[in-house]
Amino acid sequence: MRKLLIFTLSIGLIFGVIFYLFFRQGAYWSGTGRFRIILGDENGSVTYLLMDQKRNEMDVYPLDPNLQIEAAHGLGSWKVKSLWKLGIQENRGGGAMLSESLIRGYGLPVEAYLNYSGPVEAFNLARHLLFTRDSDLLFRDRLTLTWYALHAHLTDEDALSTASILLSAEELNKVTDGIVTIAKTDSVKDSQVKAVSVLVANLGGKVLDFSTLEDNPSQYCSVSGNSVFAQKLSQILSCSFSKVETDTTHINLGEAFTKTF
C-alpha cells in the first residue's frame, strides 16, 4: 500500500511539473504562421530551418560556412562557421552568438537556436528538440516543435539568400503591420541601422521614416505596436515591447544598442 501511494504521488508530481512548465512558461511560437531556427555547433555546422505551418513544411536552407559577416557585440568580421566557437570563447554562448550575428550582420530573422549538426532528418531533429540542453527554446516550444517536426513535410532547399525569406501569408493579409518607423541616437552606427532595416524587410516590413531618439536615449531598444509582426520584431532584436493602438510599428534604438548589437 505504501509503495502504491509513493508511486501515485510520484506520477502526480511528474504530471504536475509538466503541467506547470507547459501552462506557466511562455513560448516563442504559437504553432501558427512561421518560425525560424538556426541549427549549428562549434565545429562550424550551420543550417537555417524555416517552419511554415500553413504549408505544413519544414524548409532546410544550408548557409555558406565561409560567409563573412559582422559579429554581434562589435567583435569584428568573422566567418559564419566560426561564430559558435567565438561565442563560447567570449562567454556569450555559441548559439546566442551565432543567432545574434546572423541578425546583426545578415539581417536574417532568427527566433531560436539549437545545437545540431549533420543532415536534418525528422526523427533526429525531434530528439534534439526534446533533449538537447544547448538551446534557448522554451519547454512549450520544444513540445510544439517536436510534434511539428514529426508530422511536417521536410524539404531541402538551395543555399539561402535573404531574398528567399518571404512574408508569411498571415502577415500579407495585414500589410500595415509591416510599416515601421525608427528613432535612434546619434551613436547608433549606419551599419546597425542597415542591419535592422534589412531584418525588417526580411520579415516583410518596410521602414518609412527615421528620427532622432530624445526620450530615454541611454536605453538598449524598445518596440511598440499592435501586431504579431511588432512582437516578433521585438523578440528577435531582444527589445522590450509595449502594445499600443496603432497601425505602425515603432522602434527606438538607444546608446546601449550601439555597444551590444
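**Fold, aromatic pairs and buried helices in a predicted model**

The protein contains 9 helices and 12 strands, where helices (H or I, at least four residues) and strands (E, at least two) are DSSP runs numbered from the N terminus. The structure is a predicted model, in which local features need pLDDT of at least 70 and side-chain atom pairs count only at pLDDT 80 or more, whereas totals for chains, interfaces and linings use all residues. Residues are numbered from 1 along each chain as its sequence is written, and side-chain values use heavy atoms, with hydrogens and water left out.

Of the 261 residues in the protein, 45% are buried, a term that means under 20% relative accessible area, with exposed meaning over 50% and partly exposed lying in between (1.4 Å probe, protein chains only). The accessible surface comes to about 13,400 Å², and 55% of this surface belongs to carbon and sulfur atoms; such areas come from the Shrake-Rupley method with a 1.4 Å probe, and for residues only the protein chains shown count as cover. Among contacts (heavy atoms within 4.5 Å) between residues at least 6 apart in sequence, 65% join residues at least 24 apart.

The structure holds 3 aromatic pairs, for which rings of Phe, Tyr and Trp (its six-membered ring) must have centres within 6.5 Å, planes under 30 degrees apart counting as stacked, over 60 as edge-to-face and the rest as tilted. One of these pairs is formed by Trp 84 and Tyr 113, which are edge-to-face at 6.1 Å centre to centre with 90° between the planes. This pair links distant parts of the chain, since Trp 84 belongs to helix H2 (residues 83-89) and Tyr 113 to strand E6 (residues 112-115), 29 residues apart. Trp 84 counts as buried because its relative accessibility is 2%, and Tyr 113, with a relative accessible area of 12%, is buried as well. Tyr 220 and Phe 257 form a tilted pair, with 5.3 Å from centre to centre and 45° between the planes. Tyr 220 lies in the loop between strand E9 (206-212) and strand E10 (221-225) and Phe 257 in helix H9 (residues 255-260), so this pair ties together parts that are 37 residues apart in sequence. Tyr 220 counts as partly exposed at 25% relative accessibility, while Phe 257 counts as buried at 0%.

Gly 40 is found in strand E1 and counts as buried because its relative accessibility is 0%.

Helix H5 (residues 139-151) has 13 residues and reaches 19 Å from its first C-alpha to its last, close to the 18 Å expected at 1.5 Å a residue, the expected span being 1.5 Å times one less than the number of residues. The buried residues of H5 include Asp 141, Arg 142, Leu 145 and Tyr 148, and what covers the buried residues of this helix includes strand E1 (34-40), strand E2 (46-52), strand E3 (57-62) and H4. Helix H4 (residues 122-131) is the place of Phe 131, which counts as exposed at 63% relative accessibility. Helix H8 (residues 228-237) is mostly covered, with 7 of its 10 residues buried, among them Phe 229, Lys 232 and Ile 236. After H8 comes Ser 238, whose phi is positive, near 60°.
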